[in-house]
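Thanks for making time this morning.

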Amino acid sequence: MGLGQTLCACLKGLNVIALRKACAVLMVVLVQILRSHWSLRRLSLGGGAEDVEKPNDVTGPVSSSEPGQSESAAVSSGGPVAAPVSEADEPAEAAAGGAVSPPDQCDEELVLRPLRSGDIYASFQFRTQWDTDFLHHGKKVSHYRLFPKSLGQVLSKFSVRELHISFTQGYWRTMQWGQPFIPSPPGAELWVWFHNTVEDVDGNWKELVNVLSGIFCASLNFIDSTNTVQPSASFKPLGLGNVTDHRFLRYATLPREIVCTENLTPWKKLLPCGSKAGLAVLLKSEKLFHSSFHSQAVHIRPVCKDWQCTSTAWELRQTLNVVFDIYTSGQGKKEWSLFKMFSRTLTEACPLASSSKVYVDVTDNPEGELFDLSPVTPLLSTAVVLGDRRTYSVYDLTKKETFGQLRSLNLVLRWKGESGDMLRPLLHAERYVAGFGLQTGEIHTLIYNNHPYRAFPVLLLDSVPWYLRLYIHTLTVTSKTRENKPSYIHYQPSKDRLRPHLLEMLVQLPPHSVTEVTVQFERALLKWTEYTPDPNHGFYVGSSVISALVPSVVAMDTNSTQERPLFSSFFPTKEESSYFVRVYTEPLLVNLPTPDFSMPYNVICLTCTVVAVGYGSFYNLLTRTFQVEEPSQSLAKRLANVIRRIRGVPLL
Amino acid sequence: MASIEAEKQRGKYAALAIAAVVILLGIPLWWKTTETYRAWLPFSQISELDSLQLQLSVEIEVVFSRGTLSPELQSKVPLSQTREQENQVDGKTMLRYRYETKYRTATIMEEDALNQPSAEEADLSLHMLSESACGSVVVYIIPESSTLLPADMNVYVGKRRTALLRAAPFEGAAGLKEVLSSLEPQVKQVADTMSFSHQDILAALSDRIRIGQVSKERLADSMRAIKSSPGYEITFSLLNPDPKSHRLHWDIEGGVHSYIQPLLDKLSPLANFSVDSQILYYAVLGVNPRFDSSVSAYTLNADSLAHVINPVEARLGSNAASSNPVLNFLLYVPDAQHSPLFIRDHSKKEVTSNAFHSPRWGGIMVYNVNDMYKPEAEFPVDININMAKVMGVFLAQLRLMLGVQKTQPPPGFVLQSPGSAGLADWELDRLMWSRSVENVATASTTITSLAQLLDQIGNIVINDNIAQQVSSAVTSLQAAVAELEAGNLAFALQYSKEAILASERAFFDPSLLHLLYFPDDQKFAIYIPLFLPMCVPIMLSLLKIASEIRQRRAEKLAKKD
C-alpha cells in the first residue's frame with residue numbers, strides 16, 4: 001500500500017490524469033495483492049484523527065469587561081444641525097462605565113500539526129460571533145462592527161440560513177495526512193440552506209452565486225442548474241434550526257476552479273483585523289500557495305448564544321488550511337519554524353480578538369523523544385478531536401510572556417528520531433474511471449473501512465454531470481466480493497442541459513473491508529458551442545462526498561485504564577463513541593468524444609460540392625436538348641472508301 | 001425538326017422554372033433561416049424623443065388679503081392668467097415654461113391666519129387651512145402696513161409651499177391690469193425661488209447641452225450632486241487605524257435615526273435610500289500627514305486630500321446587495337501617534353469642521369480624540385464619539401450630494417429654516433422639478449443611443465423582452481413629458497423614474513451582448529462552394545435565353561422591313 005502511495009506522491013506534481021488514473025488502478029491492484037497481508041497485520045489505529053470542532057478546552061474566559069456601547073448622548077430630535085460645524089459643546093465622555101458584553105466578538109487560533117510524512121499542517125480559524133438576527137423581518141440589520149458588511153448584506157438579502165463556501169487547491173491525502181479538521185473537495189464548493197420563507201429558491205441561488213463570485217473574485221458564476229443538486233441526506237444544517245426540507249438546500253461544486261491570490265485577498269479582507277495584526281499576518285500569499293494543499297473557507301451559521309440557547313447568534317467562521325511540504329522542499333531536513341513556513345513571526349494578537357491562541361499537536365511526543373519544540377510552553381491541553389485524544393501545547397498570544405524577550409514568537413520544531421508509520425484513517429475513499437474508448441465507461445468508487453471489528457453506515461453522494469449518462473441499472477455495490485444492498489437510495493436522473501445526476505445512498509460498510517460502488521455510463525456528444533476552450537483536457541466530475549459517523553478511536557482503546565477509573569470505562573460513552581466525518585474523493589477527469597473543430601467547414605465544403613455536382617447534372621439533364629447525331633463512319637470504312645475513290649470503285 | 005424545336009423550348013422553360021424556384025423559394029428560405037431575430041422597436045417615437053421639447057407648467061395662486069385691493073378691483077377677481085416663456089436651448093432641446101396664475105381674494109379664515117403675530121405662525125395656520133398640490137406655489141399679498149415681515153424685507157418664504165409678499169400700495173394704478181402687471185415681476189421671482197429657475201433646469205440638462213450655457217455656480221452644484229437614480233446606498237464608515245489605543249464606540253443607529261432619517265423620509269418620493277454603517281480597523285489614509293510644530297499638530301493640506309480616498313476605498317467594499325450608487329461618509333479617528341490631525345484649506349487655514357467632501361462620492365471627517373485621554377489613561381482608551389458633531393457635518397455633506405442646494409435668496413427675501421424635517425416642501429419641489437427633467441433627459445438619451453446602436457449593428461438580436469422594455473420606457477417618457485406639461489409634478493417624477501429604470505434595463509440587458517459575429521469574408525467562404533456552382537448554370541442559361549429573344553426580335557424587325 002505504501003508503495004502505491006509514494007508513487008502517487010511522486011506523480012502529484014504532474015497534472016497528467018492518465019498517470020493519476022494509472023496510479024489509482026495500480027493501487028487497486030496492490031490492494032488486491034496486499035489484502036492477505038493486511039488481515040495478518042495487527043491494526044493499531046489512532047493516528048491523525050481529529051474533530052471538526054476545534055480544540056476548545058482551554059479557551060480563556062470570554063472577556064466580558066469591555067464596556068459596551070453606552071447610552072450615547074441621546075440627541076433630541078428637536079433640530080438636526082444643518083450647519084457644517086456644530087460646536088462640540090459636550091466632549092464625548094471617555095470610557096463610560098457599565099460592563100455590557102459586546103454584541104459581537106471574535107476569536108482566532110492556529111493549529112499546527114506535524115505530519116508523519118514530515119509535512120506540516122497548519123489550520124487557521126477565525127470566528128466572529130454576532131448576536132443579531134439577519135432574518136428578522138421588519139427590522140433591517142445595517143450597522144456592522146466586526147462582522148463584514150458585505151456578507152451580512154448577502155445573508156439578509158437572500159434570506160440565507162447557512163452558507164458554506166470553500167476554495168481548495170490540491171487534494172487532501174487522507175492516507176498520508178489523516179483527517180483534516182474541516183474537509184473540502186478540490187476546486188470550489190458551495191452549499192447553502194435558505195430560510196424556509198424563501199419562495200423562489202432557484203432565483204435566490206442564482207443571484208447569490210453571482211454576488212459571491214464578485215465578493216470572492218472567483219468564477220462561481222459558472223454554477224447553474226446543470227451542476228446544482230439538492231442532496232436529500234448528505235448535507236444537513238450544521239447550525240441551529242430544524243429545517244430539513246431539502247427544497248431549501250443547494251449544493252454545487254466547481255472542481256475545475258483554480259484558487260490563487262485573488263481569492264485570498266478578499267478572504268483576508270473579511271477578517272476584523274485584516275492582515276495587519278494577529279495571526280493573519282502570517283497569511284502571505286507567496287508562501288501559502290507554495291504548498292501541497294491550500295484550502296480556504298467561509299462558514300456562516302446560526303448558533304446558540306448561551307448555554308440555555310435562549311437566543312441565537314450568527315457565527316462566521318473563516319478557516320484556512322494549508323499543508324507545507326517542508327520535508328521535500330527543505331533538502332530532507334525535518335525541521336520547521338513559523339518563519340520558515342510563513343516568512344513572518346508573530347508579534348501580537350489581534351487587539352479585537354477576545355482570544356488568540358496557537359496550538360501545536362504534541363500527542364506523539366509526550367516525553368520529547370520524537371521532536372523538540374521551542375519555546376517550551378507550560379500550557380498543555382487535551383481534547384478529543386476526531387475521535388482521538390490529542391495533546392496540544394498552547395501559546396496564548398494575548399499574554400505578554402508568550403512572546404519572550406524578543407517580543408516575537410517563532411515556534412521551532414526539530415525532529416529527532418525517525419517518525420513511525422502513519423496509521424491508517426478508519427475511513428477513506430478513492431475513485432477512478434475505468435473502461436476504454438470514447439463511448440462508455442465505468443465509475444468506480446472504493447470506500448475503505450479500516451476499523452477492525454465495527455461496521456458502520458456511510459452516506460455516499462455522487463453528483464455527475466448530464467453529459468455522462470449513467471446507466472443506473474448497472475449500479476453495483478460489493479463488499480468482500482458479496483453484494484451489499486444499500487438501505488437507502490435516492491436517485492435523480494439527469495435532464496440534458498438542465499440538471500445533473502444525483503445519486504445518494506446509505507451503505508453499510510462491513511468491518512475491515514473495501515466496498516466498491518460501480519456504475520456504467522455513456523459519454524454524450526456535446527453541441528459544438530458547449531465544449532470548453534480546451535476540450536481535449538477533459539471534463540471534470542466533482543468529488544463524491546462520503547459522510548459518516550465513524551466509531552471513535554478513544555472508545556476502541558482498550559488499555560486506557562491507567563488514565564480513567566475502571567467504573568467509567570465499561571460502556572463506551574455516547575459523545576465519544578463516534579464522530580462525524582466527511583471524506584471527499586478525487587475529482588474525475590473524463591474525456592468526451594471531441595470533434596475536430598475545423599470539421600464544420602470541411603463538412604460544409606464537402607456537402608456543398610456534392611450538392612453542386614448533383615445539382616449540375618440534374619440541371620443539365622433538365623435543360624439541355626438532346627439530338628440524335630448521325631453516327632460517323634468507322635475508321636476502317638473511311639479508309640476503304642478512300643482507297644475505293646482512288647480506284648474509281650463506287651463507295652461503300 | 002419540329003420535335004427538336006419543341007425539345008429546345010422545353011429546355012428553356014425548365015431553365016426558367018428552376019430560376020423562378022431559386023428566386024421565389026430559395027432566396028426567401030435562405031434569408032429567413034439566416035436572419036437574426038429583431039423585434040420591432042418604436043423607432044419613430046424614439047426619434048421624436050431625441051428632440052426634447054419640454055413644457056413645464058407651474059400653478060401659482062396669488063391671494064390678495066384685505067387692504068391690498070380697492071373694493072372695485074376686488075369685484076373683478078377671481079380671474080386667471082397664463083404666461084408662457086420659450087427658450088430654445090439648442091437645436092434639439094427646447095424648453096417652455098408656462099405659469100398659470102390664478103388671482104383671488106383671501107377667505108375669512110385666511111385673513112384670520114394672516115393676522116397671526118408672526119410670519120411663522122401665519123405660515124403654519126395657512127398650511128392647516130388647505131394643502132397645496134405638489135409643485136404649486138401660493139403667494140399671499142399682504143398690505144404694506146402688515147407687521148408679519150421685518151421692515152426691510154418684502155417676501156417671506158415659509159416651510160411649505162406658501163409665500164407672503166408685501167406689496168406696495170397700488171395707488172396710481174387704476175385698473176386691475178396695471179396692478180397685476182406691477183405685481184408680476186415679484187411673483188415671478190417668488191416662483192423662481194420656490195419651484196425652478198431657468199438655470200436650474202439647464203443644470204439638470206447639463207448632460208445634453210453644451211456647458212457654456214449653464215452658469216458656473218449651478219454647474220458646480222450639479223456636478224457635486226450624485227446623478228439621479230431610483231435608489232441610493234448611504235454608508236457610514238468609522239475608520240479606526242489604531243484599535244490598540246482606541247476603542248471607539250459610536251451610536252450610529254441613534255445618530256442616523258435622529259439626524260439622517262428625517263431628511264431621507266422627506267426625500268422618499270425622490271428615491272429609495274438605504275443606510276448602513278461599518279467599522280473598519282487598521283484602515284489608514286493614503287497620505288502621511290505632515291507635522292506642523294507651530295501648532296504641534298499634524299496637518300493635511302488641501303492639495304493632498306485628493307490622494308486620501310483611493311487606498312481607503314479598497315477597504316470600503318462595494319454593496320453586495322444592490323447596484324445603486326453609493327454615498328460614503330467616513331469618520332477617521334487618527335491613531336494616537338498622529339493626532340491631532342487637522343485639515344487645511346488652500347489658504348493654509350484650518351478647516352473648522354475638519355471635514356471635506358469629494359463630489360459624487362461622499363465625505364470624510366477627521367475626528368481627533370487626543371484631548372479625551374484622561375491623564376492616567378492606559379491604552380486602549382474607550383472613547384464615545386459625539387454623534388451630534390459628526391452627524392451635523394455628514395448631514396450638510398449629504399444635502400450637497402443629494403443636490404439640495406442652499407438657495408441664495410434674492411435680496412429682500414426671508415427663507416424660513418426648514419426645522420426638524422431638514423427640508424422645506426418647496427425645496428423638495430425644486431429638487432423634484434430638476435430631477436424629473438434630469439431623468440427625462442437621461443432616459444431619452446439612453447433610449448436614443450440604444451436605438452441608434454441597434455440600428456447601426458444589424459447583427460444584434462433584439463429579443464421581445466428588450467422591445468418591451470424599450471416601448472415601456474418610451475411610454476413612460478411620453479407620460480412624464482405629458483405630466484410635466486400638465487403640471488402634475490409627483491406623477492411626472494414617478495413616470496420619469498420608471499422611464500429611467502426601463503431604459504437602463506434595456507440598455508444593459510446581457511442578451512444584447514450575445515452577438516455571434518461572423519465577418520463577411522467568412523460568410524462568403526461558406527456560401528461560395530454552394531452558391532457558385534448553382535448560380536453559374538442558371539445565369540448562363542438565362543443569358544442565353546435573353547440573347548435568343550433579342551435575336552428573334554431583331555429577325556422580326558428585319559422581316560418587317
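Predicted model: local features only at pLDDT ≥ 70, side-chain atom pairs only at ≥ 80, totals over all residues.

Asn354(B) lies in the loop between strand 13 (341–344) and strand 14 (355–358) of chain B, and its phi is positive, about 55°, although the residue is not a glycine. A positive phi in a residue other than glycine also turns up in chain A, at Ser159(A), where the angle is near 50°. Ser159(A) is placed in the loop between helix 3 (149–157) and strand 3 (160–169) of chain A, and with a relative accessible area of 15% it is buried.

Staying with the backbone of chain A, there is a cis peptide bond between Ser374(A) and Pro375(A), with omega at about -5°; Pro375(A) belongs to the loop between strand 11 (371–374) and strand 12 (380–385). Another serine, Ser337(A), is found in strand 9 (residues 335–337) of chain A and, at 11% relative accessibility, counts as buried. If we set aside residues up to four places away in sequence, Ser337(A) touches Asn410(A), Leu411(A) and Val412(A).

Now to the cysteines. How many disulfides does a search of the whole structure find? Over all chains, the search returns 1, and that disulfide is formed by Cys273(A) and Cys350(A), whose sulfur atoms are 1.9 Å apart. The partners are 77 residues apart and link distant parts of the chain, with Cys273(A) in the loop between helix 6 (261–269) and helix 7 (285–288) of chain A, and Cys350(A) in the loop between helix 9 (338–342) and strand 10 (353–361). The torsion about their S-S bond is about 70°, so the disulfide is right-handed, and both Cys273(A) and Cys350(A) are buried. Cys605(A), by contrast, is in no disulfide, the nearest cysteine sulfur being that of Cys608(A), 6.7 Å away. Cys535(B) is likewise in no disulfide, and its nearest cysteine sulfur, again that of Cys608(A), is 12 Å away; at 36% relative accessibility, Cys535(B) counts as partly exposed.

Let me turn to chain B as a whole. Its secondary structure comes to 15 helices and 17 strands. A compact globule of 561 residues would have a radius of gyration near 24 Å, whereas chain B has 35 Å, and the C-alpha trace spans about 125 × 85 × 35 Å along its principal axes. Even so, 50% of the residues of chain B count as buried, and among contacts with a separation of 6 or more, 77% are between residues 24 or more positions apart.

Ile545(B), in helix 15 (residues 520–560) of chain B, is 532 residues from Tyr13(B) in sequence, yet their C-alpha atoms are 9.7 Å apart. Neighbours within four places aside, Ile545(B) is in contact with Lys12(B), Ala15(B) and Leu16(B), and at a relative accessible area of 11% it is buried.

Finally, the surface and the charges: chain B exposes about 27,300 Å², of which carbon and sulfur atoms supply 56%, and the mean positions of its 50 positive and 61 negative charges are 10 Å apart.

Note on methods:
Residues numbered from 1 in each chain as written. Chains lettered and ligands numbered in written order. Heavy atoms only, no water. Disulfide = S-S within 2.5 Å. Helix = DSSP H or I, 4+ residues; strand = E, 2+ residues; numbered from the N terminus. Buried < 20%, exposed > 50% of the residue type's maximum accessible area, 1.4 Å probe, protein only. Rg over C-alpha atoms; globule rule 2.2 N^0.38 Å. Contact = heavy atoms within 4.5 Å. Areas by Shrake-Rupley, 256 points an atom, 1.4 Å probe, with all protein chains shown as cover. Lys, Arg positive; Asp, Glu negative; His and termini not counted. Charge placed at Lys NZ, Arg CZ, Asp CG, Glu CD.
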